[in-house]
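Below are some notes on the model you sent. They cover charged pairs first, then a helix residue and a surface patch.

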Amino acid sequence: MPQIKPAKSSYRWNRENYSTNRRRFDIWRFVLSLLSQFWLNGKHWSYSGGYTEEKAAIRRKKQAIWIKDNLLELGPTFIKVGQLFSTRADLFPVEYVEELSKLQDQVPAFPYEQVAKIIAADLGKPIPQLFRSFDPIPLAAASLGQVHKAQLNSGEEVVVKIQRPGLKKLFTIDLAILKRITQYFQNHPKWGKGRDWVGIYEECCKILWKETDYLNEGRNADTFRRNFRGEDWVKVPRVYWRYTSPRVVTLEYLPGIKISHYDAIEAAGLDRKLLARLGAKAYLQQLLNDGFFHADPHPGNLAVSADGSLIFYDFGMMGQLQSNVKEKLMQTLFGIVSKDADRVVASLVALGALVPTGDMAPVRRSVQFMLDNFMDKPFEEQSVAAISEDLYEIAYDQPFRFPATFTFVMRAFSTLEGVGKGLDPEFNFMEVAQPFATQFMNELTTSNGNGLFDEISRQAAQVSSTALSLPRRIDDTIDKLERGDIRVRVRSTESDRILRRLGTIQVSTNYTLIISALIISATLLFVHSYTTLALISLLLAVIPAWALFRLFRRLDRLDKML
């Protein structure tokens, strides 16, 4: 949870008298403004001096900053949605993803009186009876809640996390509005094509509601703590269930140095290189051994104790790998190692990371291109950030639909690699991951039989099956041709050019008629001494004339390209 920062205190959503109708107005105003900007992005005439990719990228960058600021204005629901969308580079341009990844909870703390009221309502007793001392000034504040330091009557020091008042009511209102917005995007002829916005909405709802249940966070903390009970270099705060409810969670107080405070770590005499490797090792153990991992390991949720142990905080958002995922993942790994794009595509479809479409050839070509470039360097020389960027660049505007678990893993890897390089400029995440990956591959191979021999047998059976079925497939294809079930699409460059010219002639004729009408009107007005109106008419004629000029220029460029 982030430290308290100077934050704008006049957020409308934070006011007690904030009405539901005003909330709807604020949200729809943002959405309609965003849609109008998206619409303008596709119009080349809206770019001053003509459209270029560089100008489009600059505009997207400015829009990303505007989106981030407005999400902060809209409050908790939209802050969390923005943070979730920062993991979906398969859906949004890279400029938006980069800016949303910077989205932090910069919200004001709520008053101590409200804290006391929530604790008394949920735990059944007022604060003086529950705690020996309770600091009224929070240690940290975020969009969902804030943390206070306290001391139990038994003398143990704890931190108490209290949910923001009215949060569930705000979520209910916001998610109902977001559902309508999602349905609009799903039914849009352009933005809804190949996108499962309803599925993304349901996924966000599930994650958001889980984060509002502090009992669930307590269970996650207990599970995480048990998984590392045999490791003295990892510390996880203990949950005090007697002082925990759906809106309040009380945890052991474990102070430490923030993992990104490099100077403080060095001043404490701790080994930065060792900490970088321990951070990577801890996460790899979560993912590959436990199958239960911290889905938001940003520097604010990771600290270092005085003895050099890693301390994890905030267990509201966790990821889990199902047992059957490992088997499907094995097929993906075998396909990557053998540079078999068909096998990789088939395994990604099985994992749900790829939506099958009518024509998968472009997708296979993209995957094959990635495999050819990815395998150029040894495994230990790869960069997680570079691999993620390549994957998302291929995935954007393609039928890839990375599940939340996958994107959480990739974001966590990238974050930890950045933290590791901050601690040790020579740190290489993939080098640390190599022995874990090798062990993982061996376990998968062993659990599926005799490894290499089984794989050779499987491929031999596949080849023989393909060879035996080839005559039947040819016969089926001929039957389909005879029935007219196969449609062949042929593109003729010359026909495209002629059709384009015919369309241009039609549009240019309309422009010419408008220009002529305005010039004739200007002439008549001028003859009858209406000079001002005549000038206005001439100025209006400049607009269709400029459009006509741009139309011919665009046609010339397209002709040169063909």
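**Notes on the predicted model**

1. In this predicted model, Asp314 and Lys161 form a salt bridge through their side chains, with an N to O distance of 3.5 Å. Asp314 sits in the loop between β10 (310-312) and β11 (318-320), while Lys161 belongs to strand β4 (residues 157-163), so the contact ties together parts that are 153 residues apart in sequence. Lys161 has 10% relative accessibility and therefore counts as buried, since the cut-off for buried is under 20%.

2. The next points take up some of the others.

3. A salt bridge also joins Lys235 and Asp307, again by their side chains, at 3.5 Å from N to O. This pair links distant parts of the chain, with Lys235 in strand β5 (residues 234-235) and Asp307 in the loop between β9 (302-304) and β10, 72 residues apart. For Lys235 the relative accessible area is 30%, which makes this residue partly exposed. Asp307, at 53%, is exposed; the exposed class begins over 50%.

4. Asp213 and Arg219 make a salt bridge in which the closest N and O atoms are 3.9 Å apart. The criterion is a distance within 4 Å, so the pair is counted. Both partners have been assigned a class: Asp213 is partly exposed at a relative accessible area of 25%, and Arg219 is partly exposed at 43% relative accessibility.

5. Arg22, Asp26 and Arg29 should be read as a group, because salt bridges link these residues in a network.

6. Which residues does Gln286 touch, leaving aside those up to four places away in sequence? The contacts are Phe224, Phe228, Gly291, Phe292, Phe293, His294 and Phe312. Gln286 itself lies in helix α11, which spans residues 272-290. The relative accessibility of Gln286 is 0%, so this residue counts as buried.

7. Ile543 is exposed, with 58% relative accessible area.

Technical notes: Residues numbered from 1 in each chain as written. Predicted model: local features only at pLDDT ≥ 70, side-chain atom pairs only at ≥ 80, totals over all residues. Heavy atoms only, no water. Helix = DSSP H or I, 4+ residues; strand = E, 2+ residues; numbered from the N terminus. Buried < 20%, exposed > 50% of the residue type's maximum accessible area, 1.4 Å probe, protein only. Contact = heavy atoms within 4.5 Å.
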